Amino acid sequence: MADLHTTLVHFDILYDQPVRLSPLVQRITANNPSPFTGAGTNTYLVGTDRFTVIDPGPAEPEHIDAILAATGGKIDYVFATHAHEDHSPAALPLVQATGAQMMGLQVVSDSESLDHTFTPARSLQEGEVVSVGECDLRVIATPGHLHQHLSFLLPQEQLLFAGDHIMQGASVVIIPEHGGCMVDYLDSLMKLKGIGIQHLAPAHGHLLSDPDRVLQELHDHRLARERMIVDALRTLKKATTAQLAPLVYPDVAGDLVHGTYMALAAHLHKLVHDGVASRHWEKHWLLGEVVWEWVE
Ligand SMILES: [Zn+2]
């Protein structure tokens, strides 16, 4: 993949302190860094007098206090791009503290990977615009990382709050059994091209400029992985998932290896969707004469 560093807009990541990114936007990063959250979850504050909070983050007292201090508690809405545990749990305490409205998409699955305290007052709709003071936020559905994933466009600054649809410095996790879909993810990347975005504000990592290039690179990178998978299978003739993973993800080791199986599952789902692979029996899929056995 081409080097995304060239598109990185660097402001220091500071934990539980506001960092001003633009006239209308501040960022407060939660102190929850990990292999899955990168430097930590970015909470964005949008507004100057009254505020919308986007992805409030984990319900850690230091993080919630920092959001309340930076906004003076003058919060009208708390949005979440999706209800993962590192994104939405602080919504409830913020709503309780300020009377703000919780907005996003209601959790529909009973999956343990979701935050069930995230119960929006109203479900946001594709294309809907929510205005607070001089700031508008336009809702853009971006399924893929999760079926229920939204992004929010701030037209005044041509800035897109991208949640986990686009991460800086890490690869987006797509887990079919937890509601992720590679087909939707790729479509959602291309959907954002050419709509006049100047910067991407991911929930993890730094701002990114040149969005159309970033979107195309992320899209092409996934298709290149897919070609690696198909090529490796055709070379081996018959392979298990455990044999395939190190060939496709040679740099991944330790705790993260299981994540490569999930990534392979997402690609397999797409290959079936595209008619390249078909289920043979039980844990066996066919790509022409090639057999892919799902043994981790
Ligand atoms: Zn997520």
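This is a predicted model: local features need pLDDT of at least 70, side-chain atom pairs count only at pLDDT 80 or more; totals for chains, interfaces and linings use all residues.

Analyst: Happy to. Where the two meet, 9 residues of domain 1 are in contact with 10 residues of domain 2. On the domain 1 side, the touching residues comprise 8 nonpolar, 1 polar and no charged.

That brings us to the packing you asked about. The largest nonpolar core has 71 residues, and Val53, Val78, Leu94, Leu160 and Leu200 touch the most other members. Its biggest contributor is helix H6 (residues 257-273), which gives 5 residues. The core takes at least three residues from each of domain 1 (4-212) and domain 2 (237-293). In general terms, nonpolar side chains of soluble globular proteins tend to be buried together.

Let us zoom in on Leu200. Leaving out residues up to four places away in sequence, Leu200 touches Leu160, Ala162, Ile166, Leu207, Leu208, Pro211 and Val214. Two of these partners, Leu160 and Ala162, fall within the range of strand S12 (residues 159-163), while Leu200 falls within that of strand S13 (residues 199-202). S12 and S13 pair in the parallel sense over 4 bridges. In that pairing, Gly163 stands opposite Pro202 in S13.

Stepping back, S12 and S13 belong to an open sheet of 7 strands with mixed pairing, in the order S1-S14-S13-S12-S11-S10-S9. S1 and strand S9 (129-132) are the edges; each has a single partner strand, so one side of each is left without a neighbour in the sheet.

Tyr15 sits in the loop that links strand S1 (8-9) to strand S2 (18-20). Is Tyr15 buried or partly exposed? Tyr15 is partly exposed, because 15 other C-beta atoms lie within 10 Å, while a buried residue needs 20 or more and an exposed one has 12 or fewer. Beyond its neighbours within four places in sequence, Tyr15 is in contact with Thr29, Asn31 and Gly40. Tyr15 and Arg27, 12 residues apart in sequence, have their C-alpha atoms 9.7 Å apart.

Strand S16 (residues 278-281) runs antiparallel to strand S17 (residues 284-287), and 3 bridges join them. Ser278 stands opposite Leu286 in S17. The hairpin has 2 residues between its strands, and Glu282 takes a positive phi near 35 degrees there.

Finally, among contacts between residues at least 6 apart in sequence, 58% join residues at least 24 apart.

Terms used. Residues are numbered from 1 along each chain as its sequence is written. Two strands pair if DSSP finds at least two bridges between them. A nonpolar core is a set of buried Ala, Val, Leu, Ile, Met, Phe, Trp, Tyr and Cys residues joined through C-beta atoms within 7 Å. Domain bounds come from an automatic or database domain assignment. Two residues are in contact if their C-beta atoms, placed from the backbone, lie within 7 Å. Ala, Val, Leu, Ile, Met, Phe, Trp, Tyr, Cys and Pro count as nonpolar, Asp, Glu, Lys and Arg as charged, and the others, Gly among them, as polar.
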